[in-house]
Each structure stands twice: as C-alpha cells, then as structure tokens.
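Morning, everyone. Please look at the screen, and keep the sequence and the structure in view while I talk.

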2 protein chains.
Amino acid sequence: MFISELLPVKEAFRLLDENQRLTSEETIDLIDAHGRVNSRRLISKLDSPPFDKAAMDGYAIKAKDTFQARADNPITLKVIDSIGAGKVSNVKLKEGEAVKIATGAPIPEGADAVVMEEYTYKIGDKIEVLQPTSPGENIAPRGEDVKAGETILEPGTVMRPQELAITASAGYDTIEVYKKPRVKIIITGDELVEPGTKPRPGNIINSNKYTLKALVESAKASPTVEHSPDNPRVLEEKIEENIQGYDMIITTGGTAISKGDIVVDTVDKLGRVIFHGVAMRPGKPLAFGLVEDKPVFMLSGYPVAAMVQFDIFVRYYLLRMQNINYEHQLVERICQRKTPSKLGRTDYIRAFTDNKIVEPILISGSGIIKSMVKSNSYIVIEENSEGIDKNSKCNVLLFNSFKI
Amino acid sequence: MFISELLPVKEAFRLLDENQRLTSEETIDLIDAHGRVNSRRLISKLDSPPFDKAAMDGYAIKAKDTFQARADNPITLKVIDSIGAGKVSNVKLKEGEAVKIATGAPIPEGADAVVMEEYTYKIGDKIEVLQPTSPGENIAPRGEDVKAGETILEPGTVMRPQELAITASAGYDTIEVYKKPRVKIIITGDELVEPGTKPRPGNIINSNKYTLKALVESAKASPTVEHSPDNPRVLEEKIEENIQGYDMIITTGGTAISKGDIVVDTVDKLGRVIFHGVAMRPGKPLAFGLVEDKPVFMLSGYPVAAMVQFDIFVRYYLLRMQNINYEHQLVERICQRKTPSKLGRTDYIRAFTDNKIVEPILISGSGIIKSMVKSNSYIVIEENSEGIDKNSKCNVLLFNSFKI
C-alpha cells in the first residue's frame with residue numbers, strides 16, 4: 001500500500017554514494033596496521049632483496065666450473081671462505097674456487113650460482129660437486145621481489161599479512177592509514193532493559209546494543225553504544241552532544257513509517273533526511289540523513305531488520321569511509337525451495353548455503369533472531385523478480401563476504 | 001631426492017589432531033564477546049519475547065470483531081486505553097473495544113490481534129476498522145524467538161552479531177569462552193634488521209615479524225614477537241623462558257632440511273619433534289613438536305613458505321585450540337593455465353580467482369612476497385595428481401575462507 005513511495009535499493013545506494021564521506025588519515029606503526037586501510041600510494045625505498053642472495057644452504061661457485069660435473073665425474077673446488085646469514089665476504093671468487101654460504105647470505109663477487117649442499121661431498125678444505133649447476137641457480141637476485149622506486153601499494157588497500165610484509169621489505173616501519181570511523185550507536189526504546197536485570201512486565205531485553213556494536217566492529221569502525229528513551233527532547237540532546245565527536249551516528253528504533261517517527265523527525269529537525277523508506281524486506285523503514293554534514297543511519301528497532309539494513313547499506317558506507325572499494329559480491333546457488341517475492345521490492349531472505357545449494361530459513365518475522373543464528377547468507381531477490389522456482393539458480397550474498 | 005622421507009599432508013594433519021590441545025575457559029562480559037568462541041552449552045533463562053507483544057503500531061482488538069470490516073463497511077470500536085513501549089495495561093478488553101498499542105508493547109488481556117494503524121480511521125475516542133484482521137495477526141507470541149530452557153548455543157560457536165543478540169535475549173550479560181591462545185613468535189636469523197634502520201651489507205629486513213603477528217591475530221590468538229639470533233644457546237633460553245607463559249611457540253627460520261637445523265635440534269633437545277618435513281610446496285621444511293606439552297610450530301624463514309605453512313596448518317591448529325571445528329573449505333574453479341605438479345607432493349599455488357576462473361600467479365620463489373600480494377587464494381593440487389590441464393576444474397582455497 002505504501003510501496004509506491006519507497007525508494008528502490010539501487011536508488012538508495014546512489015544517494016549514499018552521492019553523500020559518501022571519507023575519514024581523515026593518521027600515521028601508525030606498521031606493527032599495528034593489520035586490517036587497516038593504507039591511504040597513500042606507497043613507493044619502495046629499497047631493493048628487496050637488497051643484494052643477490054643465496055636461496056639455499058650450499059656453496060657459491062662459478063656455474064661453468066660445474067658444467068661437466070656428474071655423480072661418476074665429480075668436479076673438485078677449493079673452499080676459500082664461508083658466509084653466514086647477516087655476514088659478508090670480501091673474497092673475489094676465481095675459477096676452481098667455492099665459498100660456503102648460508103641461505104640468505106650475499107653472493108660473493110665472482111660467483112654466479114649456488115650448488116646445494118646435498119649435491120656436494122666435502123673433503124678437507126675441498127668439495128666435490130656431483131652435478132652441474134646453471135648460472136643463477138639458487139640465487140635470489142637483488143630487487144627480485146621489489147625494486148626501489150616501484151609502487152607497492154595503492155590507496156585503499158586493506159593491509160593483510162602479505163601487504164605488511166612487502167611494506168616492511170620496502171623500508172617502512174610506519175604507514176599512513178584512514179582513521180577508523182568513530183560511530184555513536186543510539187538505541188532507542190523505553191521498553192529496553194539490560195540482560196543482567198530481571199525484566200519487568202512490558203520490558204524487552206536490549207539485544208540490539210550487542211548486535212550493533214559487533215556489526216560496527218565488523219566494518220573496521222569503533223563503536224560506542226548508548227541507550228535513549230523514546231523522548232524526542234532527550235534524543236535531540238544526545239545527537240547534538242555526539243555529532244562533533246563522531247564520524248557517524250546510527251540509531252535503532254522509532255523509524256516505522258507512520259506518525260510519530262521520533263528519530264526521523266529529530267534528524268529532520270537537526271539536519272536533513274535524505275531518504276526514509278526503502279523497497280526492501282526486511283528493513284523497509286530505513287532512513288538516512290546528514291546532521292552537520294555527518295552521516296546518520298536510522299535503523300529499525302527489530303533485530304533482524306536492523307542487521308539486514310546494516311549488512312546491505314551501513315557496512316558498505318563505513319568501509320567506503322575508509323576508501324575501500326567495497327561492493328556486495330553475489331554468488332550463484334541452486335535454491336531448494338520455491339520462494340515467491342513481490343515485484344518492486346528487493347528481498348533479503350535469510351538462508352543457509354553450502355558450495356552448491358541454498359535453503360531459505362523458514363522462520364519468518366523481522367524480530368526472529370534465531371533465523372539469523374541459523375543463517376550464513378541472504379538469498380537476494382531483485383525488485384524485478386517475482387521469486388525463485390524450486391531447483392533454479394538464485395543470487396546469494398554470503399555473510400563471509402562481509403569480512404574485509 | 002628427499003621426497004620419500006617427507007610426511008604426506010594428510011598424515012601431518014593426523015599428527016596435529018592427535019596432539020591437539022585446547023585453551024582453558026574464561027568468563028567475559030557479553031559486550032566484549034564479538035568473535036570469541038562460546039565454550040558451554042547455553043540454555044535460555046527466559047522466554048523471548050517475554051510476553052505476547054505487538055509487532056506493529058496499531059490497535060489491540062478481538063479479531064472476530066473485525067471479520068466483516070471492509071473499506072465500504074467499517075466496524076467501529078471504542079478505544080479504552082493506550083499502551084506505549086515498556087508500559088503495561090491492566091484493562092481487560094471486551095467485545096467492541098480496542099486499545100491503542102505501540103510496537104513492542106504487551107498485548108492486553110482479551111485481545112488476540114493487532115490491526116495496523118494504517119487500516120483504521122480515528123474519530124474521537126473511537127476507531128473505524130477498514131479491513132478484517134485474523135487472530136494472531138501482528139502479534140509476536142511469547143517465546144516465539146527463544147523459549148526458557150531451550151538450547152541456544154553449542155560449545156565451539158563463534159559469536160557473530162546474531163549469536164550475541166540471542167545470548168542477550170536469553171538473559172545473559174556474561175559468557176564463558178575459550179581463552180585466546182597466547183602465542184610467542186620467535187623470528188630467527190642473524191641477517192634480519194628492522195625496516196626503520198638502514199640495512200648494512202648482508203642485512204635483510206625482518207618482514208616475517210609483521211606477517212606472523214598478523215597471521216596469529218587472524219587465527220583469533222594473541223601474538224607477542226621476538227627476534228633471536230641463530231645461536232642455539234640463545235634460542236634454547238628463549239624457548240625455556242617463554243614456554244610456561246604461552247600456549248604455543250612459533251619459530252621462523254633455521255628449519256631447512258639439512259645439517260645445522262638449529263631450531264629443530266633445539267626443540268628436539270627440550271622436548272619432542274613430532275614431524276619435520278612435509279610433502280608440500282612451498283613449505284617443505286615445516287616441523288612440529290611439543291615442549292612441556294605445549295605445541296611448537298617451526299616454520300620456514302622464507303616469507304611465502306611461512307605464510308603457506310601457517311595458512312595450511314597453524315591456523316587450523318590455533319582455531320581448534322578454541323574448539324572451532326575448522327576444516328579447509330575448497331571450492332571449484334576453472335584453471336586458466338596448464339599447471340604441472342609432482343606426484344607425492346601437495347602443491348599450494350598462489351592464485352587469483354573470481355567466482356568462476358582461477359589464474360595461477362606466475363611469480364615463483366618461496367621468498368617472493370609480491371606473489372602473495374597479488375593472490376587471493378591457493379590452487380591446491382593433491383599429492384596423487386600430476387597437475388591441472390588448461391581450462392579444467394581444480395580445487396581452490398580462498399584466503400577469505402580463513403576469516404572465521
């Protein structure tokens with residue numbers, strides 16, 4: 001009945017993109033940078049490795065000395081020095097000579113290959129080489145991994161273990177990253193009480209406090225949670241108090257599309273509501289606005305609706321505040337049940353999927369947390385579809401794809 | 001040449017399982033439990049919702065009063081009370097009466113349905129109902145989500161936002177979880193220096209320090225990193241110093257399968273080496289042992305080999321220390337290149353994949369960090385395969401699947 005007034009999901013994304021804000025940058029120690037988002041184009045200061053180095057324990061040699069070497073025709077070389085890891089040798093290797101060398105040590109002048117220890121036989125200060133070695137064999141050449149001046153990372157790169165390693169190898173022990181968005185979560189609802197207390201008649205346990213804090217953490221942001229009664233004056237004060245110190249405000253509750261939407265009305269008063277009501281299920285009463293140029297997401301009070309709204313829109317926005325080019329990654333699965341949908345509305349159906357099939361979780365109700373506990377994905381039915389036939393292909397959004 | 005002495009990957013997993021240790025439990029605040037692992041069977045203390053509650057803003061009514069209601073034949077009811085969220089009403093609803101009710105508020109006695117506000121028309125202290133309502137409509141019945149006494153979580157459950165929500169709704173504000181394994185990382189190598197310093201000849205930047213710390217964090221464990229020279233006496237001291245205060249020791253370097261494996265020799269002296277050398281590439285020189293009944297993983301000094309060893313074995317073990325039933329989840333992709341492999345060895349080939357195809361990253365060398373930076377997965381070629389033909393199916397292990 002109100003469907004004609006609701007914003008299509010695609011249009012909601014367009015409005016979010018149009019009003020996307022970025023956090024500022026900060027410099028942190030590289031050792032603390034796991035999972036953070038690099039904010040600069042990073043250029044290597046160094047060659048890595050910084051010299052031609054031995055890739056194996058063995059002997060640095062001239063390869064051509066060994067071209068004729070066979071197990072039944074060993075070639076004898078004189079060992080003139082030994083180089084441990086972290087050490088250097090000043091010798092200049094000549095024909096018929098070898099230098100014992102540890103993995104990682106620099107190749108001495110005059111040598112062009114390393115023969116593995118296993119292919120040699122030691123006799124006093126000499127070795128017998130039992131097989132031929134090619135030039136360059138078992139040598140990691142200078143700059144093989146990274147060359148000085150080479151771009152190693154682009155802005156917006158999430159620092160995985162390997163990005164940390166290449167950044168260290170390029171000579172950096174600090175890094176510029178986007179600040180984690182500071183998010184104030186305001187949970188509204190006179191009926192809400194803490195789980196430790198015994199609920200009185202009419203009370204409901206405030207589970208959204210836990211959910212929203214964890215969801216914000218999952219989006220690489222820093223949450224602070226507060227509870228507000230359903231009182232427009234108190235809510236207004238809380239928003240005004242916090243809008244300067246935070247990069248985003250998220251509210252839950254009080255957004256139902258009817259009279260008395262106290263949260264939406266308050267945001268409209270303090271700033272600008274950009275949209276209210278999206279053609280999706282669950283999660284229809286989602287609203288988004290700006291107060292003092294800071295984004296405010298107004299989520300449903302229903303736990304499941306709030307989670308879906310977060311999973312579809314808020315995490316997307318929060319990750320993009322850190323310049324991560326996040327998009328939902330849909331995968332294809334075979335749906336095990338006929339699943340109807342309504343034209344003009346995007347459905348996000350809680351579901352359990354393996355690598356091939358997907359099963360909708362048949363527990364309805366936008367408040368039923370248990371359905372989310374049993375799910376690992378959403379079946380996504382676009383607005384131009386009337387549903388999915390049994391055993392036909394459908395699009396699935398894996399919860400695991402939210403982990404960036 | 002040593003391949004016959006190497007342990008098959010499956011056998012390495014069997015030996016890890018045989019020597020799996022669990023961390024002990026601790027009680028933490030539920031608000032801090034995101035991502036932690038529940039250690040007990042959790043039984044709900046409460047019904048959730050704790051009463052029949054309104055699922056919409058509207059009027060609590062007797063459904064049968066409205067069976068004949070139509071837009072052109074409205075039924076008039078008398079509004080005798082109003083219930084806000086968090087409030088209760090003591091009225092007992094009789095035929096022809098209605099109680100105004102907010103979403104989340106308890107249904108008053110005598111009512112069996114809620115008619116949405118949108119389907120009513122208010123005239124003074126009366127409403128006209130414009131369409132019929134069924135019994136139970138817009139009511140979330142007591143215990144619909146969780147019933148008191150019901151099992152809500154099993155041990156070994158990772159606490160996602162939804163598990164936090166259901167735990168709160170079940171009346172808990174604390175939870176028993178497995179302790180995060182405390183992991184001491186000892187990076188060996190005389191040649192290693194910090195990235196802030198200017199490397200002298202023979203020096204290599206210690207990138208493994210960054211990688212291993214981040215990898216341990218990715219396995220829900222708490223890392224502490226230390227550097228050790230290649231000196232058996234110092235290493236022995238460091239292991240002995242730390243074995244009591246940590247749940248696991250990880251070393252990198254000094255494990256090449258040749259003479260002078262100082263790390264493996266030291267662990268063998270202090271405890272027991274359970275295996276050394278696995279039929280895999282990269283990562284062959286992996287060793288695993290126990291010292292004072294604590295697991296010790298001895299990884300390669302090569303950055304890429306160490307990452308692969310961690311990704312395949314160490315994360316598996318660390319997650320299982322917290323009772324997570326982790327297994328590698330392989331997915332199927334079409335390989336874009338002919339990729340040979342050797343019988344008797346499991347290959348983990350750095351690769352980039354989308355939803356359909358996979359492309360091996362053609363940068364070889366177990367030290368080439370750049371190849372890991374360009375990768376998002378491993379192609380896994382089992383030991384009984386001689387490789388993959390171009391455009392044929394292969395098994396892929398997504399890095400994203402490591403995020404638990």
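I will go through the domains, then the chain interface, then the cysteines.

Some ground rules. This is a predicted model, in which local features need pLDDT of at least 70 and side-chain atom pairs count only at pLDDT 80 or more, while totals for chains, interfaces and linings use all residues. Residues are numbered from 1 along each chain as its sequence is written, chains are lettered from A and ligands numbered from 1 in the order written, and side-chain values use heavy atoms, with hydrogens and water left out.

Start with chain A. Its domains are domain 1 (3-24 + 180-321), domain 2 (25-48 + 144-178), domain 3 (53-140) and domain 4 (330-402). Those bounds come from an automatic or database domain assignment.

Take domain 1 and domain 2 of chain A. Their centres, taken over C-alpha atoms, are 34 Å apart. Five residues of domain 1 meet eight residues of domain 2. Contact here means heavy atoms within 4.5 Å.

How much area is buried between these two domains of chain A? About 490 Å², with carbon and sulfur atoms giving 53%. Buried area is the accessible area (1.4 Å probe) that two parts lose on being put together, summed over both. On the domain 1 side, A:Ser24, A:Lys180 and A:Lys220 lose the most, together 78% of what that side buries.

Between these domains of chain A there are zero salt bridges. A salt bridge needs a side-chain nitrogen of Lys or Arg within 4 Å of a carboxyl oxygen of Asp or Glu.

Now the two chains. Here 82 residues of chain B touch 82 residues of chain A. The area buried between them is about 6400 Å², and carbon and sulfur atoms give 61% of that. This interface has two salt bridges. One salt bridge joins B:Glu150 to A:Lys370, with the closest N and O atoms 3.0 Å apart.

Last, the cysteines. How many disulfides does a search of the whole structure find? Zero, over all chains. A disulfide is a pair of cysteine sulfur atoms within 2.5 Å. For A:Cys335, the nearest cysteine sulfur is that of A:Cys394, 4.6 Å away.

B:Cys394 is at 5%, so B:Cys394 counts as buried. Buried means under 20% relative accessible area, exposed over 50%, and partly exposed in between (1.4 Å probe, protein chains only).
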